[in-house]
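Welcome! Here is a short tour of one protein model, written to be read with the picture open beside it. Take your time and find each residue as it comes up.

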Amino acid sequence: MNALDATALDAPIDAPLMGEINMTPLVDVMLVLLIVFMVTLPALYDAAQVRLPHARSTPLPHTLPHVDVLIAADGTTRWNGAAVSADALQARLRQVAQQNPPPQIRLYADRTTPYAFVADLLAAAQRAGVPGVAFVTAAPPGAASH
């Protein structure tokens, strides 16, 4: 018999039940939850405000062998001006990676293109073994600039 059982047996049977609850653990839990919410809520609302920098760079010489890949705002992809599907793009990237030296991939992406389309192209280029992709900040030849 442990000490808890001994004290329970010593109490008279007719004694009124204790109707109080220990509030300290409840208050401790509530304060911890309050602090957690106070810390995380501002991060949820302000985390995505990013201002991307503007870049000024020297133009790349057009005499180097290169391939122009354009991603429109709706996600359509063009390879040197011709529309290509995702499978055809992957095949062409593999062909480019096999060339010695491989031509430079120049990526023209509309400023309103969702990043997911650009990330998909970069991942496809990496899977194909393309050594690098250059981001072009000017409009491609023949395209209207904003």
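Gln90 sits in helix H3. The model you are looking at is a predicted one. Let us begin with this residue and its helix, then move to other parts of the chain.

**Gln90 and its surroundings**

- Is Gln90 buried or exposed? With a relative accessible area of 13%, Gln90 is buried, because buried means under 20%.
- Leaving out residues up to four places away in sequence, Gln90 touches Ala124, Arg127 and Ala128.

**Helix H3**

- H3 is made of 13 residues and reaches 19 Å from its first C-alpha to its last, close to the 18 Å expected at 1.5 Å a residue.
- Which residues of H3 are buried? They are Leu89, Gln90, Leu93, Val96 and Ala97.
- Looking down the axis of H3, you would see these buried residues fall within an arc of 120°, so they line one face of the helix.

**Helix H4**

- H4 has 14 residues, and the distance from its first C-alpha to its last is 20 Å, close to the 20 Å expected at 1.5 Å a residue.
- After H4 comes Gly129, which has a positive phi, near 90°.

**A buried strand residue**

- Thr77 is found in strand E2, and at a relative accessible area of 14% Thr77 is buried.
- Setting aside neighbours within four places in sequence, Thr77 is in contact with Val69, Leu70, Ile71, Ala82, Ala83, Val84 and Leu89.

**Loops to look at**

- Most residues other than glycine have a negative phi, and most peptide bonds are trans.
- Asn80 has a phi near 50°, a positive value in a residue other than glycine.
- You can find Asn80 in the loop between strand E2 (77-79) and strand E3 (82-84), where Asn80 counts as partly exposed at 48% relative accessibility.
- The peptide bond from Asn100 to Pro101 is cis, with omega near -10°.
- Where is Pro101? Look in the loop between helix H3 (86-98) and strand E4 (104-109).
- Gly132 belongs to the loop between H4 and strand E5 (133-136) and is partly exposed, at 35% relative accessibility.
- Although Gly132 and Ile105 are 27 residues apart along the chain, their C-alpha atoms are separated by 7.0 Å.

**A nonpolar patch on the surface**

- Ile21, Met23, Leu26, Val27, Val29, Met30, Leu31, Leu33, Leu34, Phe37, Met38 and Leu41 form a nonpolar surface patch, with about 1200 Å² of accessible area together.
- Phe37, one of the patch residues, lies in helix H2 (residues 24-46).
- The relative accessible area of Phe37 is 49%, so Phe37 is partly exposed.

**The whole chain**

- The protein chain has 4 helices and 5 strands, and from the N terminus on they run α-α-β-β-β-α-β-α-β.
- Of the 146 residues in the chain, 18% are buried.
- Among contacts in the chain with a separation of 6 or more, 69% are between residues 24 or more positions apart.
- The chain exposes about 11800 Å², and carbon and sulfur atoms supply 62% of that area.

Terms used: Residues are numbered from 1 along each chain as its sequence is written. This is a predicted model: local features need pLDDT of at least 70, side-chain atom pairs count only at pLDDT 80 or more; totals for chains, interfaces and linings use all residues. Side-chain values use heavy atoms; hydrogens and water are left out. Helices (H or I, at least four residues) and strands (E, at least two) are DSSP runs, numbered from the N terminus. Buried means under 20% relative accessible area, exposed over 50%, partly exposed in between (1.4 Å probe, protein chains only). Patches are made of residues with over 30% relative accessible area and no salt bridge: like charges are joined within 9 Å, nonpolar side chains (Val, Leu, Ile, Met, Phe, Trp, Tyr) within 5 Å. Accessible areas come from the Shrake-Rupley method with a 1.4 Å probe; for residues, only the protein chains shown count as cover. A salt bridge is a side-chain nitrogen of Lys or Arg within 4 Å of a carboxyl oxygen of Asp or Glu. The expected span of a helix is 1.5 Å times one less than its number of residues. The arc is that of the directions from the helix axis to the C-beta atoms. Contact means heavy atoms within 4.5 Å.
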